[in-house]
Amino acid sequence: MSKTQNSKPRTKLVHAGREPAAQFGAVNPPVYHASTILFETVAEMDAAGGRTYGGPYYGRRGTPTQFKLQEAIAELEGADHCLITPSGLSACTLPLLAFLKQGDHLLITDSVYGPTRAFANKILAAKMGVEVTYYAPTIGAGIEELIQPNTQVIFLESPGSLTFEVQDVPAITAIAKAHNITTLIDNTWATPLYFNALGHGVDVVIHAATKYIVGHSDAMLGCLSFNEAHWGTLFGTYATLGLHTAPDDAFLGARGLRTLGVRLAQHEKSGLELAAWLRDRPEVREVFHPGLPGAPGHDIWKRDFTGSSGLFSFELEPEYTVPGVHAMLDHLDYFGLGFSWGGFESLAMHAKTEGNRSVQPWGEGRGHLIRINTGLEDVDDLKADLDAGFERLRGSNQ
Ligand SMILES: *Cc1c(COP(=O)(O)O)cnc(C)c1O
């Protein structure tokens, strides 16, 4: 049993998955690069072949650099196992491939991350003959009406990463269990700290660790955590697909994990302050931040989550047009224009849902949507930057 088994999450962040005595006292597990793993005897080699978890076997399946990160994340999630993958997207696609086969039915949230949607449509539906149905993220217990005899998997993401609908996860997982359906959730927004997915009945919890876990915008990483019952299916698919995560990136993930607690606390504080400030702006119609009292999804967020991260969006008043959005975003000093999020630096993005919604399209007559990744800068500087942006926005309408 690890010494952090019974400790609180922030203590686990610091201590889980480390074993200084095993590496000459060095505090962090080092980067082990390997393809070949050498064995002392034929018998040992044969035995390792049957080993399915935790031990070195062949470089593709990882070295202690990856294993220790897996151990730390599994412990944080309260899961028996974690597998890390080369990207967040591969952590989404791996369990879909593992649990679905031709003729099965998948229920997937309409608010799902765009590339996960593309995988469902272009690979699962178009090539594998899986039936794919999108559901409204706010459906809650109503999901029961969409269940078919061949429904095998429900894929949740909460909140959605552009429009931030919060799902009633316990209602959905209770129904899934009653129908023997496997549930997967993309929990990237909340991180393992702010939403305990397995505790809310989900079978497999997925993170784009690229985001808050790495936290510094310089490595790609995914992870999935789950209990023993799913080990065979998930590890089997993982090993068969030949997925391999670079040890350097695993090292950066472990490095990021150690400071996730303090980074998130600041992302949360600054994010809420920016969101409240934006809500009072005349140019803003609505703010989508589940942690903001009165915002859509806040009640379920308050019931189920223990914190909010720094990613949210806001809708401009519909009078503002595309040139205005460009004028506003093109000249920001601190908010970078770029994909991804969860790093230390603030980002802004013109968020577009076209082509990525079939059940609840971003309605006619709605204003442009801007997504903010709240970084670790001083929030006064961020407000001043946005304030100047709003001035350019207004100027473009004159
Ligand atoms: C970024 C993202 C992913 C994919 O992660 P990558 O590491 O970029 O592949 C998956 N889900 C959500 C919600 C994301 O924001």
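Author: Gladly! A polar contact is a pair of N or O atoms within 3.5 Å. Please keep in mind that this is a predicted model.

Reader: Which residue has a polar side-chain atom 2.7 Å from an oxygen atom of the ligand?

Author: Trp341 has a side-chain N or O atom 2.9 Å from an oxygen atom of the ligand. For the 2.7 Å distance, the residue is Lys211.

Reader: How much of the area that the ligand exposes when taken alone does the protein bury?

Author: The ligand sits in the largest pocket. Among the residues that surround the ligand are Tyr113, Glu157 and Met220. Taken alone the ligand exposes 380 Å², and the share buried by the protein is 93%.

Reader: How many residues of the shell around the ligand are nonpolar?

Author: The shell around the ligand has 3 polar and 3 charged residues. Its nonpolar residues, by the count, number 5.

Reader: Is Trp231 buried or exposed?

Author: Buried means under 20% relative accessible area. Trp231 has a relative accessible area of 7%, so Trp231 is buried.

Reader: What kind of pair do the rings of Trp231 and Phe235 form?

Author: Planes under 30 degrees apart count as stacked. The rings of Trp231 and Phe235 have centres 4.6 Å apart and planes at 15°, so the pair is stacked.

How values were computed
Residues numbered from 1 in each chain as written. Predicted model: local features only at pLDDT ≥ 70, side-chain atom pairs only at ≥ 80, totals over all residues. Heavy atoms only, no water. Near = heavy atom within 4 Å. Polar contact = N/O pair within 3.5 Å; in protein donor to acceptor, adjacent residues only side chain to side chain. Areas by Shrake-Rupley, 256 points an atom, 1.4 Å probe, with all protein chains shown as cover. 1 Å grid on protein atoms, 1.4 Å probe; cavity = no way out; pocket = protein on both sides within 12 Å on 5 of 7 lines; lining within 4 Å. Sits in = over half its atoms within 2 Å of the grid points. Nonpolar A, V, L, I, M, F, W, Y, C, P; charged D, E, K, R; others polar. Buried < 20%, exposed > 50% of the residue type's maximum accessible area, 1.4 Å probe, protein only. Phe/Tyr/Trp six-rings, centres within 6.5 Å; stacked < 30°, edge-to-face > 60°.
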